[in-house]
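Here are my notes for you, written as numbered points. Keep the model open beside you as you read.

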Amino acid sequence: MTKKRKRQEDFQKVKLKVGKKKPKLENATDTTFKTKAIQIPEQLKEDGVLPTQNRKLNIKDLLSQMHHYSPGVKHNALLGLKELLSQYPFVIDAHLSSIISEVAAVFTDKDSSVRGAAVHLLQFLASKIRAEQIAPFFPLVSAHLSSAMTHISEGIQEDSLKVLDVLLEAYPALLTDRSIILLKNFVELISHQQLSKRLKSRDKLSWMLSVNPNRRVTSQQWRLNVLTRLKKFLQAVVDGSSDTEDEGLQEQKDSSHSVRNPICISWKLHANNQQHIQLFESGGLRPKINTSFRLRSLTSVMDSAEKGLSSAENLKGFIEIIIPLLIECWIEASPAQSAPILGNLLESESQQLMQQVLSIIHLLWKLTKRHDETYKMELWLRMNYLVDFKHHFMRHFPYSLQDTVKHKKKDPCKSNRNCMKSSNNIDHLLLNLTLCDIMVSLASTSTLQTDSGWLDMIRKFVTDTLQDGSKLNSKQVNRLLGVTWRLMQIQQNKVATEPLIKAVYTLYQQRNLLFPVRTLLLKFFSRVYQKEDLRTQRIRSRSKVLSRWLAGLPQQLALLGLRNPELSNQLIDIIHSAASRSNKELLQSLQATAARIYDPLEGTLVLLPAEAQRRLVQLVYFLPCLPASLLACLSRCCIMGRMSSDLAATLIGILHMR
């Protein structure tokens, strides 16, 4: 067989016949298939367990969209969550863990709209979730917040302050439990560590203020924003500590271990042997045990980092870091840097920044008072910071606010009086009072001669402000009286204290004072009188202003009547306290005003409630004499039924004892 013929046999062409089916190819694919219907009834049912919002998405769908790569989807998911949870609040309790974790995770999202929606949702959730509910999940929220505060993106740092505002408003106690980490984050927001070779050898690295030109706001405005939040955080720490005192005028505590336990005594029951009084248990104070032994508590085994600012070492370390930074912020905003010609006049933004600086220092000073005297915190603060404070803070004291009036271009400033004026309002007063609080706390009787220069400046400022204090509110008066009291304790001679008491009395004599202001002034004078009365008779030197104030109390009580029962009760308490101490001036005034107080028609006795009537009846015992006219008034009060039968019996008993 030739090669040509063999080739033809290998490639033979199949001839197709008409009417016959085309044969299948050897490599043909079988495309036939069979189908069967699959029915899943559960998926066709509407979900009756999980409620949905307007877009028919339930809580699981919305939470799953939080992981989407698209910012728009995440933003819509956050809006949908707020809509769903506002319509069905019970969903929050059922899915609290998932909601908190997903919302906290987007604190550091790259998109600003997503972060903004997360802040709004967190603010909504804070009004619905109690502190004890969110407490198990708060470490996760705090971790995400710290991550946002220390993020490299400026926008995320700015939005982290908004998250901090919400948490400080809703859960201050939970947030302050992690104070050490958050305080370090605050420092890193406005500063950075110096890493030069000269400083690497030191044990503690130094910090310096940082400037970031990429921010949307100026460096001074950014520091103001951060320091405002730091002040709120430290205020929450101070409020959370039970053994710290409020700012301003406060009552002195007897000791750190004394606990008052008042008891109500009914003399009628006691006289009939129906009420027994245990003198030691009901004496008002528990005995103080002078021993250094203490039972070990759980806080003693805690790490110093877990104690936060309750540890003296941690507080000292934070003060050493933050005070130099605050002084740098003060120097940048001080009048000497902005406009040396203006002296002590401040612009609004500079005044706000300086106020935050002083408020933070003031709160740190209050935290130092919590610790034992063994730490000698006050001496440590004075040695380290008094020189800097005198040089920078007291240099332009007192400060006033500058108002800049804007003019049109065609009308340039013709005189300095039109362009700039010193504000007549008292917005700047809080700055000066906070500075006085800080500086006065560093002074003591032993350092009086050394500190006499700047103490005289503070004393003059306090005296002038009190004498012209008709527009002061209760908060400002409280701070003023606190500084006044501290100045009187530092220098206790009559030459120094009498002008201060006279200035307070000038404010007290003004009419139309607010009730809280009047109450604070009464407490101040009462405290000064009690302090003065505790001195021995040999060294006592009665203040003439204080005697004049005491002599005027009965007349004020008679004039006040029923217009302010609460203020009347305070006056009665002070009069009763002074009368029991046989104060001559007050007893003479009370004797002269007794006919008006006990008048059966319009007297104070018949106008006030029953409890105040009882106190007024008790004052009859202290009157120097009981003339017939006064006895006639008291008799008519009993006959006309202007007092109860029990109170009338008490009055008869008092008169019988006289």
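1. Let's begin with a pair of helices: H22 passes H24 in a left-handed crossing. This is a predicted model, by the way. On the H22 side, the contact is made by Leu429, Leu430, Leu433, Thr434, Cys436, Asp437, Val440 and Ser441. H24 brings Gln476, Arg479, Leu480, Val483, Arg486, Leu487 and Ile490. Sort the residues of this contact by type and you get 9 nonpolar, 3 polar and 3 charged.

2. How do we describe a pair like this? Two packed helices are described by the angle between their axes and the distance between the axes. Here, H22 (residues 429-441) and H24 (residues 474-490) pack at an angle of about 25 degrees, and their axes are 10 Å apart. Angles under 35 degrees count as roughly parallel, so H22 is roughly parallel to H24.

3. Now zoom out. The protein has 33 helices and 5 strands. Of its 658 residues, 42% count as buried. Take the contacts between residues at least 6 apart in sequence: 71% of them join residues at least 24 apart.

4. Next, the inside. The largest nonpolar core has 175 residues, and Ile323, Leu364, Phe389 and Ile458 are those with the most contacts inside it. Which helix gives the most to this core? That's H17 (residues 312-333), with 11 residues. Have a look at Ile323 too: leaving aside its neighbours within four places in sequence, Ile323 is in contact with Ile361, Leu364, Trp365, Tyr385 and Phe389.

5. Most residues other than glycine have a negative phi, and most peptide bonds are trans. The peptide bond from Phe397 to Pro398, however, is cis, with omega near -5 degrees. You'll find Pro398 in the loop between helix H20 (377-392) and strand S4 (400-404).

6. Two residues to check for phi are Asn512 and Ser582. Asn512 has a positive phi, near 60 degrees, and sits in the loop between helix H25 (494-508) and helix H26 (515-533). Phi of Ser582 is also positive, near 60 degrees, and Ser582 is in the loop between helix H28 (565-580) and helix H29 (584-597). Are they buried or exposed? Asn512 is exposed, with a relative accessible area of 78%, and Ser582 counts as exposed at 55%.

7. One last stop: Ala649, in helix H33 (residues 645-657). Ala649 has a relative accessible area of 42%, so it is partly exposed. Ala649 and Cys638 are 11 residues apart in sequence, and their C-alpha atoms are 9.3 Å apart in space.

Definitions and conventions
Residues are numbered from 1 along each chain as its sequence is written. This is a predicted model: local features need pLDDT of at least 70, side-chain atom pairs count only at pLDDT 80 or more; totals for chains, interfaces and linings use all residues. Side-chain values use heavy atoms; hydrogens and water are left out. Axes are lines fitted to C-alpha atoms, for helices over the stretch in contact, and angles run from 0 to 180 degrees between N-to-C directions. Helices (H or I, at least four residues) and strands (E, at least two) are DSSP runs, numbered from the N terminus. Angles under 35 degrees count as roughly parallel, over 145 as roughly antiparallel, 65 to 115 as roughly perpendicular and the rest as oblique. A crossing is left-handed if the near helix is turned anticlockwise from the far one by less than a right angle, and right-handed if clockwise. Contact means heavy atoms within 4.5 Å. Ala, Val, Leu, Ile, Met, Phe, Trp, Tyr, Cys and Pro count as nonpolar, Asp, Glu, Lys and Arg as charged, and the others, Gly among them, as polar. A nonpolar core is a set of buried Ala, Val, Leu, Ile, Met, Phe, Trp, Tyr and Cys residues joined through side-chain atoms within 4.5 Å. Buried means under 20% relative accessible area, exposed over 50%, partly exposed in between (1.4 Å probe, protein chains only).
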